[in-house]
Amino acid sequence: MSGSLEVVNPATEQRIATMALAGEAEADAAIARATAAGTGWRAVSPGDRARLLRRFADAVDGAREELADLEVANAGHVIANARWEAANVRDVLEYYAGAPERHAGRQIPVPGGVDLTFHEPLGVVGIIVPWNFPMPIAGWGLAPALAAGNTVVMKPAELTPMTALRLAELALEAGIPEGVFEVVAGKGSVVGWRMVTHPAVRKICFTGSTEVGTRIMAGCAEQVKRVTLELGGKSANVVFADADLERAAAAAPGAVFDNAGQDCCARSRILVERGAYDRFMELLEPAVDRVVVGDPSSPASEMGPLISAAQRDHVASYLADAPVAFTGSAPEGPGYWFAPTVLAPIAEDARAVTEEIFGPVVAVIPFDDEADALRIANDTEYGLSGSIWTRDLARALRVARGIETGTLSVNSNSSVRYWTPFGGMKRSGLGRELGPDALDAFSDVKNVFISTED
Ligand code: NDP
């Protein structure tokens with residue numbers, strides 16, 4: 001072990017747990033257990049693997065309230081969100097429980113014999129989870145990885161290990177064999193990096209900053225290790241003058257201030273067609289004012305604190321020279337609170353417009369026409385998410401095809417539906433999670449030719 005880990009409640013700054021901090025030796029031991037468990041797990045029949053995943057989903061369902069409470073205390077998520085997140089783990093496990101019995105190969109017509117393809121598991125999959133959505137991001141890697149016959153070693157973020165550790169216990173309670181799902185709570189630079197360099201780990205599934213993701217990709221290249229990256233974002237919420245402005249403005253705060261803005265899909269740039277700009281701002285101000293920021297355990301709260309003092313300082317650094325149009329409220333006293341903040345009018349090349357802030361700060365920028373909207377929306381290294389508000393369906397489709405991001409919504413700000421692919425273009429990532437194709441990212445295709453010649 002390499003020291004101890006103090007887990008803190010970001011709403012109170014109180015310590016909620018102290019645990020041993022795993023180091024490289026513990027990472028190696030977990031990888032060895034996951035490697036050893038692999039032979040048995042891939043041999044479990046598809047029907048039995050599906051049944052075990054359903055039991056795991058049932059165990060998560062039974063512990064939903066407990067998991068949600070843990071996330072409220074550990075990550076400062078408001079209870080309504082934390083309940084959704086626990087239910088999302090259940091749903092994703094259930095969804096991929098359908099996969100082992102359906103992940104079929106193909107029979108391809110060839111001369112001289114029969115050709116078959118098989119989806120083979122990769123082996124041990126390393127999942128590196130950030131602190132912003134500890135439960136869903138754990139589930140999005142874990143469920144398809146296990147369904148495809150892999151074993152998993154997961155490294156939660158140092159700041160938020162509680163729910164991952166509980167999920168590992170629930171897996172065992174549900175009958176998932178020992179070693180199939182290991183959780184190692186340690187530093188990213190030690191435990192996470194060991195997963196990158198360890199030859200027995202055949203894939204890394206990483207969510208976090210673009211900076212660390214870039215390093216992980218380079219590390220994986222050394223071993224031609226498979227990698228999925230879900231990285232940062234600076235998504236645009238594009239509002240045309242013909243949109244239902246009341247709805248667009250009422251929904252805009254939730255699209256960026258949810259989870260206190262610590263969301264890779266946060267619509268942190270609102271682009272508004274110039275003719276509707278003044279009206280939109282008039283509607284946005286009361287909507288921001290209405291956001292209930294407070295005690296995350298209260299069902300009335302819509303936004304909790306930031307994850308840490310360091311994150312609060314980081315977010316505050318963007319306001320030093322930025323024009324604040326208006327703000328919402330935030331509690332005084334202990335906790336890493338930050339009021340929802342709207343920046344306008346602001347230069348398109350301001351730091352707060354070009355960099356991912358990962359806090360409750362949004363910039364509002366006017367645009368002239370469709371081409372100008374696309375120019376501004378695409379003027380970023382990121383490409384994860386975004387929204388388009390218009391009543392003109394043809395325009396919605398043109399703009400949706402023109403915006404360089406992986407996940408878009410029209411007249412809605414929702415990004416994540418577990419039935420559909422999720423992931424980023426440009427420097428927002430590599431590969432897709434969720435949806436029907438995720439299994440392919442956790443398996444390799446093997447081609448077998450059988451001669452029928454005499
Ligand atoms: P990081 O990218 O540093 O952390 C994400 C995960 O990677 C954590 O589990 C971390 O472990 C681990 N990690 C860190 N360094 C390494 C490494 N060298 N090798 C392997 N794993 C590693 O994000 P931060 O927590 O530092 O957040 C910084 C910024 O990143 C945020 O302000 C935000 O802009 C962005 N971010 C984006 C996220 C997204 O969903 N796209 C999620 C989180 C952050 P540990 O924390 O234990 O060190």
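Trainee: How far from an oxygen atom of the ligand does a polar side-chain atom of Gln311 lie?
Mentor: Good place to start, and keep in mind that this is a predicted model. A polar contact here is a pair of N or O atoms within 3.5 Å. The polar side-chain atom of Gln311 and the ligand oxygen are separated by 3.3 Å.

Trainee: Which residue has a polar side-chain atom 2.6 Å from an oxygen atom of the ligand?
Mentor: Let's look at two more side chains. Glu356 places a polar side-chain atom 2.9 Å from a ligand oxygen. The residue at 2.6 Å is Ser209.

Trainee: How much of the ligand's exposed area does the protein bury?
Mentor: Picture the ligand taken alone, exposing 860 Å². With the protein around the ligand, the buried share of that area is 84%.

Trainee: Which helix gives the most to the shell around the ligand?
Mentor: The ligand is surrounded by 27 residues, and the space it takes is the largest pocket. Helix H7 (188-197), strand E8 (201-207) and helix H8 (210-221) each bring at least two residues to the shell. With four residues, the top contributor is H7.

Trainee: Now to another residue: is Asn74 buried or exposed?
Mentor: Asn74 belongs to helix H3 (residues 64-75). Its relative accessibility is 0%, so Asn74 counts as buried.

Trainee: Which residue has its backbone oxygen 2.8 Å from a polar atom of the side chain of Asn74?
Mentor: Asn74 touches several residues beyond four places away in sequence, among them Val7, Pro10, Leu159, Met162 and Ile307. The backbone oxygen 2.8 Å from that polar side-chain atom belongs to Leu159.

Terms used: Residues numbered from 1 in each chain as written. Predicted model: local features only at pLDDT ≥ 70, side-chain atom pairs only at ≥ 80, totals over all residues. Heavy atoms only, no water. Buried < 20%, exposed > 50% of the residue type's maximum accessible area, 1.4 Å probe, protein only. Polar contact = N/O pair within 3.5 Å; in protein donor to acceptor, adjacent residues only side chain to side chain. Contact = heavy atoms within 4.5 Å. Near = heavy atom within 4 Å. Areas by Shrake-Rupley, 256 points an atom, 1.4 Å probe, with all protein chains shown as cover. 1 Å grid on protein atoms, 1.4 Å probe; cavity = no way out; pocket = protein on both sides within 12 Å on 5 of 7 lines; lining within 4 Å. Sits in = over half its atoms within 2 Å of the grid points.
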